[in-house]
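Here is a quick walk through one structure, with an eye on its ligand site and its charged pairs. Have the viewer open while you read.

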Amino acid sequence: MKLATKILGPALAGLSLLLACGASQGADTNKGQQLYAANCVICHGQAGRSMMPGAPSFDRGDGLLRPDFTLLASIRSGKNAMPAFQGILADRDIMDVIAYLRTLH
Ligand code: HEC
């Protein structure tokens, strides 16, 4: 059971990422910006200048060397002090936010 979750979890995440990427060809950075303002700005700050110790500053490029897949997984599931956004934002929305983050550096 545990092993199946270990193997299937990432496989399913990869599959839905492919679907999300397919759907978001030409990701919408304007929409990403709005979603960022609504959900992320309290910690990651205006224009990506971090407001919270330990939260990456996207204006310095913190964290952005990681591939979209890794960032999507972190945002979905949460990471340490960052809450999970699965169920709040659709994968496609998260991909739009990631595309916006990549414009900040
Ligand atoms: C409550 C504060 C908080 C909110 C809200 C928040 N984050 Fe974070 N975020 C963090 C912290 C803290 C980290 C660093 C986690 C760590 O590596 O320990 C982080 C890390 C990240 C990373 C790097 C992930 C990685 O794999 O290293 C990304 C990308 C990110 N956040 C994007 C977002 C986006 C997009 C949103 C809005 C949808 C968001 N965050 C909302 C606090 C927050």
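## Salt bridges and the ligand site

R102 is partly exposed, with a relative accessible area of 33%; that label covers everything between buried (under 20% relative accessible area) and exposed (over 50%), using a 1.4 Å probe and protein chains only. Before going further, some ground rules: this is a predicted model, where local features need pLDDT of at least 70, side-chain atom pairs count only at pLDDT 80 or more, and totals for chains, interfaces and linings use all residues. Residues are numbered from 1 along each chain as its sequence is written, and side-chain values use heavy atoms, with hydrogens and water left out.

R102 has a partner: its side chain meets that of D68 in a salt bridge, 2.8 Å from N to O. The pair links distant parts of the chain, with D68 in helix α4 and R102 in the segment after α5, 34 residues apart. D68 is partly exposed too, at 29% relative accessibility. Helices here are DSSP runs of H or I with at least four residues, numbered from the N terminus.

How many salt bridges does a search of the whole structure find? It finds 5, where a salt bridge is a side-chain nitrogen of Lys or Arg within 4 Å of a carboxyl oxygen of Asp or Glu. Another one joins K31 and D93, whose closest N and O atoms are 2.8 Å apart. K31 lies in helix α2 (residues 29-39) and D93 in helix α5 (residues 91-101), so this pair ties together parts that are 62 residues apart in sequence. K31 is partly exposed, with a relative accessible area of 34%, while D93 is buried at 15%. R60 and D62 also form a salt bridge, 2.8 Å from N to O. R60 counts as exposed at 58% relative accessibility, and D62 is partly exposed at 22%.

Helix α5 also holds Y100, which is buried with a relative accessible area of 10%.

Now for the ligand. It is surrounded by 21 residues, the closest being C40, C43, H44, S74 and M82; a residue makes the list if one of its heavy atoms lies within 4 Å of the ligand. By type, this shell divides into 14 nonpolar, 5 polar and 2 charged residues. Nonpolar covers Ala, Val, Leu, Ile, Met, Phe, Trp, Tyr, Cys and Pro, charged covers Asp, Glu, Lys and Arg, and the others, Gly among them, are polar.

| Side chain | Ligand atom | Distance |
|---|---|---|
| H44 | nitrogen | 2.7 Å |
| R66 | oxygen | 3.4 Å |
| N80 | oxygen | 2.6 Å |

Which helices each supply at least two residues of the shell? They are α3 (41-44) and α4 (68-77). The largest share, 3 residues, comes from α4. In α4, the residues L71, L72, S74, I75 and R76 are buried. Just after that helix, G78 takes a positive phi of about 80 degrees.

Technical notes: Polar contact = N/O pair within 3.5 Å; in protein donor to acceptor, adjacent residues only side chain to side chain.
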